[in-house]
2 protein chains.
Amino acid sequence: MHYLVGDNMHVQSISRKDLNSIQSRKNMDKELQVILSLFKGKRKLLHYYLAGFIDGEGSFSVAIIKHPMQKFGWMINPCFQVYQHQKHREILEVCKYVFGTGSIYRKSGIHPVLNFSIDSRRNIIEKVIPFFDSIPLITKQETYKKFREIVMMMEKKEHLTKEGFKKIVCIAYTMNQQGKGRKHPMEYILSNMS
Amino acid sequence: MHYLVGDNMHVQSISRKDLNSIQSRKNMDKELQVILSLFKGKRKLLHYYLAGFIDGEGSFSVAIIKHPMQKFGWMINPCFQVYQHQKHREILEVCKYVFGTGSIYRKSGIHPVLNFSIDSRRNIIEKVIPFFDSIPLITKQETYKKFREIVMMMEKKEHLTKEGFKKIVCIAYTMNQQGKGRKHPMEYILSNMS
């Protein structure tokens, strides 16, 4: 058992696991500072670097999930993500620092892969879109444009109209390998709108 | 059958396959020009972008291959590569343009993956090393440093001494998942030097 003394001298017991977690957090902060120092005075270059990295390891996706409480019975979830093996968490910390938002968590499954994710529509509009509007992507430009179009349509509440909803579903199904790997065929969604 | 008339009016027959290949080459050149125009006047930003992309999708490797004609019976092959699905060949063409050298070819195997590769030691020294010496990598910095060290040792012909050869093998086996996926264990190489 270890003790942590706070500013107000309140003594709190913390476990070995918590202690490891604090240590690991400290090391990661240090690692992030080292990386940022490599790009000191080169903010724009860091952003281009990160855009290139994301062009390889990132994804712009729009999930469409059955949800009885949502309009038409389906929830539309745009999400920006970056994946990386857990041994290189530092690059995801750089993403979090640059975008000023987002969560890092372990992906489910057997592979030790971490996921940096921004899925709040507000943050996508305020942080993700301005970033990729200012830096061209090479391999993912087309997918990004579709993602952007859907998010902006939702911002204008077009997904709450039947026509807008259908248009979003159609665009979403042309992204990322034409709907391959999705749970439902597009026709199923369009013919099961409540 | 189609005919291509050259400058000297020499008429040469070309097949449908050749014609498709010329067309596809022309389209790719056009696509490359479009990408380069996005980065017009931003050469440094393009280089950082590409470095970020390579940090995700590239590799620095040193193969050690049995070869009876080589000193100690083993050939040391440093190679810089970038992988991409064949539908995004354009990013590999950007690599080829920026490095001013390298080959793009289809990887063996069932997956439609292309490989951009620079394996000539001269080109690695003159094109690859100056590029990555001027731009910091985030996830692959450690691997790049080892790769660089081996290439520079070879440049000084240290691989032709027993001690230098052994040192190179030891460094190579600490790269890219500590020799995982290699054909021979490190000990096998070190104890089978001719």
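**Note on the two-chain model**

1. Helix H2 (residues 43-57) of chain A packs against H2(B) at an angle of about 40°, and their axes are 6 Å apart. That angle makes H2(A) oblique to H2(B). The crossing of the two helices is right-handed. Please keep in mind throughout that this is a predicted model.

2. Which residues make this H2 contact? From H2(A) come Lys44(A), Leu45(A), Tyr48(A), Tyr49(A), Leu50(A), Ala51(A), Gly52(A), Phe53(A), Asp55(A), Gly56(A) and Glu57(A). They meet Lys44(B), Leu45(B), Tyr48(B), Tyr49(B), Leu50(B), Ala51(B), Gly52(B), Phe53(B), Asp55(B), Gly56(B) and Glu57(B) in H2(B). By class, the contact of H2(A) with H2(B) divides into twelve nonpolar, four polar and six charged residues. Among the residues involved are Tyr48 and Phe53 of chain A, and Tyr48 and Phe53 of chain B.

3. Now the whole interface. 20 residues of chain B are in contact with 20 residues of chain A. On the chain B side, helix H1 (16-38), helix H2 (43-57) and helix H3 (89-99) each supply at least two residues. H2(B) gives the largest share of that side, eleven residues. The side of chain B that touches chain A has twelve nonpolar, four polar and four charged residues.

4. How are the two copies related? Chain B can be laid on chain A by a turn of 180° and a shift of 0.0 Å along the axis, with an RMSD of 0.1 Å. That is the relation of a two-fold axis. The same surface serves both copies, and 100% of the contact residues of chain B recur in chain A.

5. Next, the single chain. Chain A holds seven helices and six strands. Read along the sequence, its pattern is β-β-α-α-β-β-α-β-β-α-α-α-α. Along its principal axes, the C-alpha trace of chain A spans about 60 × 40 × 35 Å.

6. Where are the domains? Chain A is divided into domain 1 (1-38) and domain 2 (41-190). Their C-alpha centres lie 32 Å apart. The contact between them takes four residues from domain 1 of chain A and five residues from domain 2 of chain A. On the domain 1 side, three of the residues are nonpolar, none is polar and one is charged.

7. Inside chain A, helix H4 (residues 121-134) and helix H5 (residues 141-155) form another helix pair. They pack at an angle of about 140°, with axes 11 Å apart. Angles over 145 degrees count as roughly antiparallel. H4(A) and H5(A) are therefore oblique to each other. H4(A) passes H5(A) in a left-handed crossing.

8. What does each helix of that pair bring? H4(A) contributes Arg121(A), Ile124(A), Ile125(A), Ile129(A) and Phe132(A). H5(A) contributes Tyr144(A), Arg148(A), Val151(A), Met154(A) and Glu155(A). The contact of H4(A) with H5(A) has seven nonpolar, no polar and three charged residues.

9. The counterpart in chain B can be checked in turn. The axes of helix H4 (residues 121-134) and helix H5 (residues 141-155) of chain B come within 11 Å and cross at roughly 140°. That makes H4(B) oblique to H5(B). The crossing of H4(B) and H5(B) is left-handed. Arg121(B), Ile124(B), Ile125(B), Ile129(B) and Phe132(B) in H4(B) meet Tyr144(B), Arg148(B), Val151(B), Met154(B) and Glu155(B) in H5(B). By class, seven residues of this contact are nonpolar, none is polar and three are charged.

How values were computed: Residues numbered from 1 in each chain as written. Chains lettered and ligands numbered in written order. Predicted model: local features only at pLDDT ≥ 70, side-chain atom pairs only at ≥ 80, totals over all residues. Domains from an automatic or database assignment. Contact = placed C-beta atoms within 7 Å. Nonpolar A, V, L, I, M, F, W, Y, C, P; charged D, E, K, R; others polar. Axes fitted to C-alpha atoms, helices over the stretch in contact; angles between N-to-C directions. Helix = DSSP H or I, 4+ residues; strand = E, 2+ residues; numbered from the N terminus. Parallel < 35°, antiparallel > 145°, perpendicular 65-115°, else oblique. Left-handed = near helix turned anticlockwise from the far one by under 90°. Least-squares fit on C-alpha atoms with pLDDT ≥ 70 in both.
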